[in-house]
Amino acid sequence: MRSVLTGVVLPAVLVVGSVGGAAAYTVVTVGDADRTVPTTVWAEPAKEPANDPAAEAWRGQASTPLGKLLLPVPDGFRLGPDIGEHGNDVELNAQQAIAVMKEWGSGLSGKNRREYEKRVNRLGLRGIALRSYATEFAERGGVYEDDVVVTIELTRVKDKARVREAYEVQTGLAKMLKLSKGPKITGHRNSACFLVEQDKRAEGEGPGEDERLGGMQCFAYDAEVLVSVEAQGTAASFDENAVADLVQEQLDHIASPGEYV
């Protein structure tokens with residue numbers, strides 16, 4: 001799956017999904033994006049040599065119950081670009097989670113958007129963990145580019161009934177925006193993916209600027225956790241099935257977080 005994804009070209013970075021709008025990605029340059037992850041300082045030396053807490057920092061933070069459910073950065077990927085102003089690996093509180101989910105409705109207007117935001121307010125969101133992933137840099141035409149960018153968001157919801165409603169709100173929004181159905185996620189019936197075709201890159205954004213950008217959005221839920229995943233690359237080489245495999249890995253990790261390798 002990793003080798004398939006590395007064929008996707010993304011010369012600029014996505015301000016993804018919930019922060020940038022459900023069907024309208026914003027592309028920005030990434031040269032100085034901060035991809036570092038804070039590490040833990042060990043207060044006291046142990047009698048036996050302890051594992052270096054920074055050794056696996058590149059896979060992402062896992063210091064909270066919700067953060068531990070985020071898929072660790074797989075081999076062939078690294079931590080990606082910042083998600084809006086939030087960084088690339090972060091957990092937000094309930095009010096911030098509500099604001100993030102409301103941004104998914106930025107493609108709506110008038111009555112539809114007001115109704116969508118009312119439904120979000122009723123969901124009982126408790127918090128959200130976000131992480132972005134990018135495949136390794138590849139040099140094309142003397143320019144280093146991201147092959148693909150994926151953002152995963154895990155939102156803690158009040159209870160199982162509310163998390164199903166949250167899932168229906170998100171999938172309903174995708175249908176309202178008339179997004180085409182994407183591939184199914186193997187082994188996870190409470191999931192749905194949608195394909196997104198983007199406009200051509202703006203002039204001057206790099207090699208292949210005449211290529212059309214494509215992407216996919218997936219939603220799922222498990223227990224009290226709503227899962228939202230976005231990916232983007234050029235439409236000509238975007239592999240939706242490879243992205244679906246990554247979504248499956250995330251959902252498998254939520255089901256058995258201790259078994260991820």
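Reader: At what angle do helix α4 and helix α5 pack, and how are they oriented to each other?

Author: In this predicted model, helix α4 (residues 110-121) and helix α5 (residues 160-176) have axes 11 Å apart and pack at an angle of about 165°. Angles over 145 degrees count as roughly antiparallel. Therefore α4 is, relative to α5, roughly antiparallel.

Reader: Which residues of α4 make the contact with α5?

Author: The crossing of these two helices, α4 and α5, is left-handed. On the α5 side, the contact is made by Glu165, Val169, Gln170, Leu173 and Met176. On the α4 side, the residues are Asn112, Tyr116 and Arg119.

Reader: Is Val157 buried or exposed?

Author: Val157 belongs to strand β8, which covers residues 149-157. Buried means under 20% relative accessible area. Val157 has 1% relative accessibility, so Val157 counts as buried.

Reader: How many Å apart in space are Val157 and Arg126, C-alpha to C-alpha?

Author: Leaving aside neighbours within four places in sequence, Val157 is in contact with several residues, among them Leu123, Arg126, Val163 and Leu226. Along the sequence, Val157 and Arg126 are 31 residues apart. In space, their C-alpha to C-alpha distance is 5.5 Å.

Reader: Which residue caps the N-terminal end of α6?

Author: Helix α6 (residues 240-255) has 16 residues and reaches 23 Å from its first C-alpha to its last, close to the 22 Å expected. Its buried residues include Ala242, Leu246 and Ile254. At the N-terminal end, a side-chain oxygen of the capping residue lies 3.1 Å from the backbone nitrogen of Asn241, and that cap is Asp239.

How values were computed. Residues numbered from 1 in each chain as written. Predicted model: local features only at pLDDT ≥ 70, side-chain atom pairs only at ≥ 80, totals over all residues. Heavy atoms only, no water. Helix = DSSP H or I, 4+ residues; strand = E, 2+ residues; numbered from the N terminus. Buried < 20%, exposed > 50% of the residue type's maximum accessible area, 1.4 Å probe, protein only. Contact = heavy atoms within 4.5 Å. Expected span 1.5 Å × (residues − 1). Polar contact = N/O pair within 3.5 Å; in protein donor to acceptor, adjacent residues only side chain to side chain. Axes fitted to C-alpha atoms, helices over the stretch in contact; angles between N-to-C directions. Parallel < 35°, antiparallel > 145°, perpendicular 65-115°, else oblique. Left-handed = near helix turned anticlockwise from the far one by under 90°.
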